[in-house]
Amino acid sequence: CMGNKGHMCFLSQSGAMCTAMLDWSELTGLGFSAFVSVGSMLDVDWGDLIRYFGDDKDTNAIICYVEGIGDAASFFNAAREVAPKKPIVLIKAGRTDAGSAAAASHTGSLTGADDVLDAVLERAGVLRVTDIQDLFALGQTIATQPLPKGKHMSIVTNAGGPGVLSTDALCLGGGECTKISEKTMEELNAFLPEAWSHANPIDVLGDASGEVYAKTLEIAAADENAHGLLVILTPQEVTDCTGTAECLAEYATKTGKTVLASWMGGKEVAEGKSLLERAGIPCFSYPDAACRVFNHLNRYRDIMRKLYIFEEKEGRPNVIPADGKREKAFEIIKPALDSERPILTEAESKDLLSLYDIPTNITRVAFTPEEAAKIATEVGFPVVVKIHSETITHKSDVGGVKIGLKDEAAVMAAFKDMETRIGRPGFLGVTVQDQVSFKDSHEVMLGMVRDPQYGPSLLSVEDGKYESVYYCLDEVFKGLTQIDRKDRMGVHEARLRVGFDE
C-alpha cells in the first residue's frame, strides 16, 4: 500500500505507525505528499525534516509521531520557521516515566520533562495532541478543511441526545455554541418543522431528509457568528444515511468554514461516512471526537496568534542588563557560588530582580532586634518580618513569617522568638518588609529548571505550567563568568520569590 496522493506529510519514529496510517488512509481516502519512517535518526534529525517539508510545495501540513526530540535547538528553530507557513501537529510518546523508559528502549531517545516540552512546542508554534485518534483526525481535517477563525460552532442534528453531548464536549474543551442570529432564526423557521429546537444545537428532528439537512447547513454556515459546523446523523427508521451524505458532500469547501460530520452507527452509516470523507468532510463515529478536533484547531489558532504577538512585539528577547548591571548581577550571585549554596536568599533574589526592572516590595535585612525595629520604623507600619537564612527556604514551615506587626515592640519580639526557636546556623537574622495588601497584590513564584534536553525554563506556580525561555535565559548567565554554566548555577534548579510567603 503506497497511499493516495495528497498534501500532508507523515513523519514517524515508528514504522508500525506508518503502516497503520497508510491502511487507515485507504478507508478515508486521505492522501499524503510524503511518508518518512525516521527510525533512530542517527544522521537526519527532526529539524532537517521539518525544514525540508516546510519548503516542499506539495506539503501543506506536517504530522509527526515522536518518541524523542533529539537536538532540541534544531527542532525548535526549524519548527519556529515553518509553523507560520504550515501547520505542524505532533504526538509525543513517553509522557510517563514508564513510557519514557519504553521509548528509550525502542529508539534510544533522550526524553526531557514533558511539561517543559509542552512549553517548547507552544513557543515553536507546534500543536501537540495526546491521542492517536486525534492525530489522525487532525491530519485529515487540516488537509481538507479551512482553519476556524473563532471558537463558535453550530451543531445540526436529527437527535437531541447527541446534540447535548456535543455541546458539553465543545464547551468543556474551550469552544462555544454559536448564538443564532435573528436573520438565521427567521430563515430556519421558514422551512423547518414547527417542533425544531429553535436553538443551537439545531435539532431538525428524526425524519429530516437529506435536502432539509443541506438547506439547514447552508443557512447555518451563512451566519456570521458561526466559525465552524458539525452535522450529526443517527440512523432512524426513515433516515437516508447515504442520501443525506450525498446532499452534504458539496459543502466540503463551499461554506469557507470548518465543516465536520458525525455519522453515528455501524453498517447502516458506513457508506455515507465513507462518501463524506472522500468528499473532504471529516466524518467521526462519535460527535464528541469532532468537537475535540474543533477545539484543537482553535488551540492551534491561539498558539499561532501568541507566536505572532511575541515576534512582533518582542522579537528575540534581550534581557541582558546594560550599563555595568551585568557585573552587579554577578556580584549578587557570587557569594552563593563561592559557598556552593544551591539557592539565593530572598534579599539576594530581590536585589537581582531589581536589576531587571522587576518591582518588589521593600525588603531590608536586620541582624539584631534593635536594627529590625529601626528599619520597621523607617519602612512604616504594619510590616512583615521573615527569617533571613541561607538554608531555610520554606519559611512558613518553621514559623519564620510574622505579618501585621504594628510597632517596634512587636518587631523585636518576633526577632527574638525566631532566633530562640530556630537557632543557628539556620537563623542569620530577619528581613523587614512593608506589608503588601492582599486586596491590591498577587503572589508570584518563578522556578527555573535547566532541563537536560530542552534547556533552561521558567515555572510559574500560578498555573503550574512551564514557559520555555530557551533563548533568553541563557543570555542572562552568558558572560557572567568563565565557569561552566552548569557549575555556575550550582544545581539544576533555583527559585526566586517575589512578595510574601503567606
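1. Helices (H or I, at least four residues) and strands (E, at least two) are DSSP runs, numbered from the N terminus. K86 lies in the loop that joins α3 (72-82) to β4 (88-92). Because its relative accessibility is 9%, K86 counts as buried, a term that means under 20% relative accessible area, with exposed over 50% and partly exposed in between (1.4 Å probe, protein chains only). K86 and I62 are separated by 24 residues in sequence, while their C-alpha atoms are 7.2 Å apart in space.

2. The model is predicted: local features need pLDDT of at least 70, side-chain atom pairs count only at pLDDT 80 or more, and totals for chains, interfaces and linings use all residues. Residues are numbered from 1 along each chain as its sequence is written, and side-chain values use heavy atoms, with hydrogens and water left out.

3. Helix α14 (residues 346-355) is largely enclosed by the rest of the structure, because eight of its ten residues are buried. The buried residues of α14 are E346, A347, E348, S349, K350, L352, L353 and L355. Just after α14, D357 takes a positive phi of about 60 degrees.

4. An unreviewed UniProt entry annotates residues 350-386 as "domain: ATP-grasp"; positions are given in the numbering used here, feature names are shortened, and such annotations may be inferred rather than shown by experiment. Residues 350-386 are 46% helix and 22% strand, and the end C-alpha atoms of this span lie 14 Å apart.

5. A further point concerns E271. This residue is located in helix α11 (residues 267-279), and E271 is exposed, with a relative accessible area of 56%.
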